[in-house]
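Here is a short briefing on one structure. Look it over, then read the points below.

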Amino acid sequence: MSQTEIAPEPFVGQFKGQRTHLFLLLGRGLLLLVPTIGIYRFWLLTQKRRFLWSRTFFGGEPLEYTGTAREILFGFLFALAVFVPVYGVFAYLTTQDELVAGIGSAVMGLFLLLLTGFASFRSRRFRLTRTLWRGIRFHQTGSAWKYAFMRFGWFILVTLTAGLAFPFMAAHLFRYRFNHTWYGTQRLKSVASWRHIAGPFYLFWVLFVVLAVAFLVVIGAAIAEPDAGAVLVSVATLLFFVFLGLAYSVIASRERSRFVSSISIGDTGVRLRLRARSLIGMYVLFAIVLTITAVVISLAMGAAAAGFFVSLQAELPNMSFETVMQALGPGALFLAIGAYLAFLAIFAILTDLFLALSYWKLVAANIELTNPSALDNVRAEGEEAPSFGEGLVDAFGGGAY
Amino acid sequence: MADIRARLHDGEVARTRQVIVEVAGSSPETGTLIIRDQASAEVYARWPRHALFAVTASKTLLRIGTTTGAHQNARLTIEGAADVAALFDTLPTLAAKQKANRAAQGRMLVIATAALGSVIAAFVFGVPLISRQIVALIPTAWERDFGDRIVGQAEEFFAQGSGTLERCDPRPGSEANRAIARFVAAATAGVDTGIDIRVDVVRNPVPNAFALPGGQVYYFSSLLEASSNSNAFAGVLAHEIGHAIERHGMEQVVATAGTGLLVGLVVGDVFGISPALFVGQQLINTRFSRDHELAADQFALGVAQRLEFDAGAMATVLQAVAADDVASRAMSLIATHPLTDEREAVLAAGVGPDLAGKTFFTPNEWTAIQLMCSPDQLGTRQNTNISGPNSEGQNQRDVTRKSSKTLPAPGTGKGSKTGR
Ligand SMILES: [Zn+2]
């Protein structure tokens, strides 16, 4: 297999996209959601994927996303055929007495949890079969129901063990996904193991328990001494969240790096080095941008509201709620709806620009394919998979890349 | 034109081939793109020009595919501003295809939007009709069970202020309760729907009256105080009995479930609980409830006609309550017709002149009913003018928040809870 080239250099991943480009794409797309009553989301998702895929290069060759908005739209319609009866059962259950409604809703919730596993596996298959690199598409074998049941079982086990089983779950599901992933005729193989993340995970798990106990002690002290206590509790809460962010970044970066590096594509190896500090930097930047945006918006809104109330100032003390509503006129309702949608849109844009894009960039730019010439002889195989899974994910309110 | 250097992926093998591209033939219809190896000049492929399309096109990178080749995933990659520009100039169909594709996407978007718009319109107009059919299939015993179950919810709902659903006069044999029972029996005589009407006058400072699914009707003490004469009371009671008998509450429950699904469909989050869901449901239900209010008014007028009393006074009570409800007023601005004007016209037209001055309740009965909720512990007796802004801003805000419209048909508020 690997005799085709001499002294192969590794392929280093590159991401050549501009954040402003994605910003324009998102801004236009979110505006178009309004006149299309939300239908445009299928086009927006397709455009986002085209953008990300086409700007990600390995060995100088870009990925290509071949999926279309139409496919996802139809997938959504098929998914509705599943959701309408499920929804009907939910609606029926809520009219029952509390016991029946409670048990019924719990059972339905578990069923939906199972279904999300199914949907995520099928959706992954859709995305893989719509991904081309060097003219060859990826595909995925394996059973979505088997994956869903395994994931479901692991969720229960992880819950019962207070999280201790997590590394085993993560490694097992990762292996199942990637051992059923193919690049043309070449099957991928992953040897991801719980040991890859056991160190940081169990360290932080123990730290978490210790800190949680300490936190409870602090709250206990605060109840005893209300004055100084409030400050103490806020400082402790802040530190606790910082700790959680830190723990997440360290564990997630370790998991991604080790697991992805456990993948081989025939004689080609995959290496990913994702640093915890890169993830932390990403979250800090997102928090800063979010804060600045929030401050700017509240200043603008405050000014607008002040302007409105100044114009009413003379009567304001005597005015009832209704009169104020009346003064606002019919525009008030539309204004409220518009403001709400604008908030959602701004948050979605910031999340896409400073979390999703940043993460994609980090992963893409830190991937290396060793001995890439082994891939030269891979041949085309696999069909485009149906978009039902994508539809399910959309109906669940997801919209993963 | 000079030969252009490019990379070929033939869609069959992952290997990258360094090639030279040559455009042969002058017309887009008959010409071909000849792709040969850079070193050996061996021809790898001939792609018809009319079948070419641009996969990605920027100033410095152009990727081309073909629709007729054996391999739909074959790609030709041209890099460098000069080569890209040269090829784009030579192959005008590339740009035309891109334009045509964009137009096709736009058409599909318009069609999909129109389809969704039609579905929404079908829901807005069809949900009332369909929910009526569905409700016809629901056994009345089941409806009554359901009503009993949500009495608890209704109690919680109205107990947030100073109000309760505690009956003013729990003795079934009292004169007032006997008078009300006489009215219910007369109003429902000859109407066989299997719904068993029960009326409770309850102590509550909110001017309101409503019917739950299954036939339970509540008349609030504050509304009783605002009812200027016995005919106003009888008219409003008949209106609520109309809601109960025509099973509007169940229809609302069914409709709320339907609109919840619709809004979920639009937003792309079938099980999400978002404010968009709430607003959407309100918009659709406003329309729906207007039909219900008109139907209940018609029923009340029919009863008045049959029992020969003057229902004209009912309009003033209904309007007084309607005017206090900010939410319904805000919503009626969006609805095609304001709620109260239309109903006022119906009520005005429905009261025959021959009934002027006639009453159903005897003066003694009416006095007994008026005294049901005294001794008065609410302290709102003097405040009989319930319309217009007054010192009870707090209570009125509660009305606004809790019940989305006047004299809520059953299921209001609960509807959005049960419909999820
Ligand atoms: Zn009514």
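Just past helix α6 of chain B, R247(B) adopts a positive phi of about 60°. This is a predicted model. The points below cover that helix, a zinc site and a surface patch.

**Helix α6 of chain B**
- Helix α6(B) runs over residues 230–245, which makes 16 residues.
- At 1.5 Å a residue, α6(B) should span 22 Å, and its end C-alpha atoms are 22 Å apart, so the two values agree.
- N229(B) caps the N-terminal end of α6(B). A side-chain oxygen of N229(B) lies 2.9 Å from the backbone nitrogen of N231(B).
- Of the 16 residues of α6(B), 16 are buried, so the rest of the structure largely encloses this helix.

**The zinc site**
- The protein donors of the zinc ion are H239(B) through NE2, H243(B) through NE2 and E293(B) through OE. They lie 2.0 Å from the ion.
- Along the chain, the donors follow the spacing H-x3-H-x49-E.
- Both H239(B) and H243(B) sit in α6 of chain B, four residues apart, or about one turn of the helix.
- An α-helix has 3.6 residues a turn, so residues three or four places apart point the same way.
- H239(B) has a relative accessible area of 0%, so it is buried; the cut-off is under 20%.
- H243(B) also counts as buried, at 0% relative accessibility.

**A nonpolar patch on chain A**
- F208(A), V209(A), V213(A), V217(A), F241(A) and L244(A) form a nonpolar surface patch, with about 530 Å² of accessible area together.
- Helices α7 (195–224) and α8 (226–261) of chain A each give two or more residues to the patch.
- α7(A) gives the most, with four residues.
- F241(A) is found in α8 of chain A. Its relative accessible area is 56%, so F241(A) is exposed; the cut-off is over 50%.

How values were computed:
Residues are numbered from 1 along each chain as its sequence is written. Chains are lettered from A and ligands numbered from 1 in the order in which they are written. This is a predicted model: local features need pLDDT of at least 70, side-chain atom pairs count only at pLDDT 80 or more; totals for chains, interfaces and linings use all residues. Side-chain values use heavy atoms; hydrogens and water are left out. The expected span of a helix is 1.5 Å times one less than its number of residues. Buried means under 20% relative accessible area, exposed over 50%, partly exposed in between (1.4 Å probe, protein chains only). A polar contact is a pair of N or O atoms within 3.5 Å; within protein, one must be able to donate a hydrogen and the other to accept it, and residues adjacent in sequence count only if both atoms are side-chain atoms. Donors are N, O and S atoms within 2.8 Å of the metal (3.2 Å for Na, K and Ca); water is not among the atoms, so sites may look incomplete. Patches are made of residues with over 30% relative accessible area and no salt bridge: like charges are joined within 9 Å, nonpolar side chains (Val, Leu, Ile, Met, Phe, Trp, Tyr) within 5 Å. Accessible areas come from the Shrake-Rupley method with a 1.4 Å probe; for residues, only the protein chains shown count as cover. A salt bridge is a side-chain nitrogen of Lys or Arg within 4 Å of a carboxyl oxygen of Asp or Glu.
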